[in-house]
Amino acid sequence: MARLFKNGVIASAGSSDLIEGDVLVGDDGTAERVGPGIEESCVQPDEVVDCTGCALVPGMFDLQVHAREPGGEHKETLATCAAAALNGGVTGMVLMPDTSPPIDTGNLVKSLQDLVSETSPIPMLASGCLTKGREGIELAGFSGMASRGVAMLTDSDRGIPCPDLLRRCMEYAKDFDLLVTSHCDTPALSKAGVVNEGRVSYQLGLPGIPAISQEIAIDRDIRVAQYTGARLHLQQISTANAVQAVACAKEAGTRVTCEVSPHHLLLSEKEVKDYNTSLKLDPPLRLPGDVEALIEGLLNDSIDAIASNHAPHTEFEKSADFASAPFGVTGLETTVLAIYDRFIKEGAFGWDLLIQKYSQAPREIVGQEFHEIEEGQTADFFVFDPKAETEITREYLKTKSPVTPFLGWTFSGEIRETVVG
Ligand SMILES: [Zn+2]
């Protein structure tokens, strides 16, 4: 069925200007025509979607999603994860391999890919573990996973404890031209910490995670990447020194990229009050000065990408006391809205920066092509109404685990529809 999206403006990665334009999506899901003033009478669509006052924005791509299937289907499934993604304007993602069983062989990658193609209307790229069972002891099956085309190798929320093992991971990964992705944390420093170490951890009487826990891991991983020549991607950087370290490494020519979460761009440890477990994140929310440095890093390209770290845990699991509740919250459905509300609406930056950081760069980091909304490409965009509002409620959220620090918040703007193929 052919659909004509009429009277909207088109956002792009290439310019902060929004250009008037209509989009005709053909029967086969291709954007057949893109441009101003496409006449209904000429193209005879089956449906006209009036987009007056709305922006058409290229679909987003999330580098860090825990879809929980297989093994954690009580938290999320591939189907509910895809529904959440579409609800949030996200049209592609990388799945973390920390499922049960962990994805650490070519065969497991293949079965996950089969499951995705049966279940999901959008691309969900498999990643694989660096070490067998994510145990940090011996290398996982690199060649099998490489032949199945994994997007990256990562032990997900666990770092590689032994630097010699990390070195061998990077050497092998380089042989297969695979991206190594690090969760930057030093367990010997984080210990049983649950919030940022500092004023809030002392006030609440909770064990803290010091900033150096992340910073030392980043420094080490960058050194090993420089030594081996492997490509390295750092997940969820959270401190001012971390931004600085990545900027220096880039200046020295290291093949390193990094991401930041929307939560770390909007919230600081000051929000952690009342033992609210929807603010228990790994890495933890840091100081207001760190938040400023992260925003600055996004603007000056020290930070390449935004990634939500969509990590669903059931409301029951998150209702445990702060120290025992699991780390992580959902993010696929709130990232675009949160960034629009806090930054784009306020004029801090334009749609172009969000598209660069949450669509173009993440796709390019894992070797996928990015397309603007243009003729001849598969339709892949969402319709955003800046005059509407979205209240983040359980009903709004399509994820199986509606836990987010933004629950009860009202954001400016609404994603009316996500169109993909
Ligand atoms: Zn994660």
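How many residues of domain 1 are in contact with how many residues of domain 2? I found that 29 residues of domain 1 are in contact with 40 residues of domain 2, where two residues are in contact if their C-beta atoms, placed from the backbone, lie within 7 Å.

**Ground rules**

I am working with a predicted model, in which local features need pLDDT of at least 70 and side-chain atom pairs count only at pLDDT 80 or more, while totals for chains, interfaces and linings use all residues. I number residues from 1 along each chain as its sequence is written.

**Whole chain**

I looked up the secondary structure of the chain and noted 14 helices and 17 strands; helices (H or I, at least four residues) and strands (E, at least two) are DSSP runs, numbered from the N terminus. The C-alpha trace spans about 65 × 50 × 45 Å along its principal axes. The radius of gyration is 21 Å, which agrees with the value near 22 Å that a compact globule of 421 residues would have; this radius is taken over C-alpha atoms, and the globule rule is 2.2 Å times the number of residues to the power 0.38. I noted that 53% of the 421 residues count as buried, a residue being buried if 20 or more other C-beta atoms lie within 10 Å of its own, exposed if 12 or fewer, and partly exposed in between, with C-beta atoms placed from the backbone. Among contacts between residues at least 6 apart in sequence, 75% join residues at least 24 apart.

**Two domains**

The domain assignment gives domain 1 as 3-56 + 376-420 and domain 2 as 60-365, with bounds that come from an automatic or database domain assignment. I read 27 Å between the centres of the two domains, taken over C-alpha atoms. On the side of domain 1 that touches domain 2, the elements that give two or more residues are strand 16 (380-391) and strand 17 (410-420). Strand 17 gives the most to that side, with six residues. The residues of that side divide into 15 nonpolar, eleven polar and three charged; here Ala, Val, Leu, Ile, Met, Phe, Trp, Tyr, Cys and Pro count as nonpolar, Asp, Glu, Lys and Arg as charged, and the others, Gly among them, as polar.

**Strand 7 and its partners**

Is strand 7 (residues 90-95) enclosed or open? I found six of its six residues buried, so strand 7 is largely enclosed by the rest of the structure. Strand 6 (residues 60-65) runs parallel to strand 7 and is joined to it by four bridges, and two strands pair if DSSP finds at least two bridges between them. In this pair Val 65 stands opposite Leu 95. The chain crosses from strand 6 through helix 2 (residues 78-87) to strand 7 in a right-handed β-α-β crossover, right-handed meaning that, with the strands pointing away from the viewer, the path from the first strand over the helix to the second runs clockwise. Strand 7 also pairs with strand 8 (residues 124-126) in the parallel sense, over three bridges, and there Met 93 stands opposite Met 124.

**Helix 2**

Gly 89 follows helix 2 with a positive phi, near 80 degrees.

I traced an open sheet of five strands in the order 9-10-13-14-15, with parallel pairing. Its edge strands are strand 9 (153-154) and strand 15 (305-306), each of which pairs on one side only. Strand 10 (residues 180-183) and strand 13 (residues 232-235) pair in the parallel sense over four bridges, with His 183 opposite Gln 235.

**Two loop residues**

Ala 11 lies in the loop between strand 1 (3-10) and strand 2 (19-25), and I count it as buried because 26 other C-beta atoms lie within 10 Å. Not counting residues up to four places away in sequence, Ala 11 touches residues including Leu 18, Val 57 and Trp 351.

Pro 207 sits in the loop between helix 7 (199-204) and strand 12 (208-209), and I count it as partly exposed because 14 other C-beta atoms lie within 10 Å. Leaving aside its neighbours within four places in sequence, Pro 207 is in contact with Lys 191, Ala 192, Gly 193, Val 194 and Ser 201.
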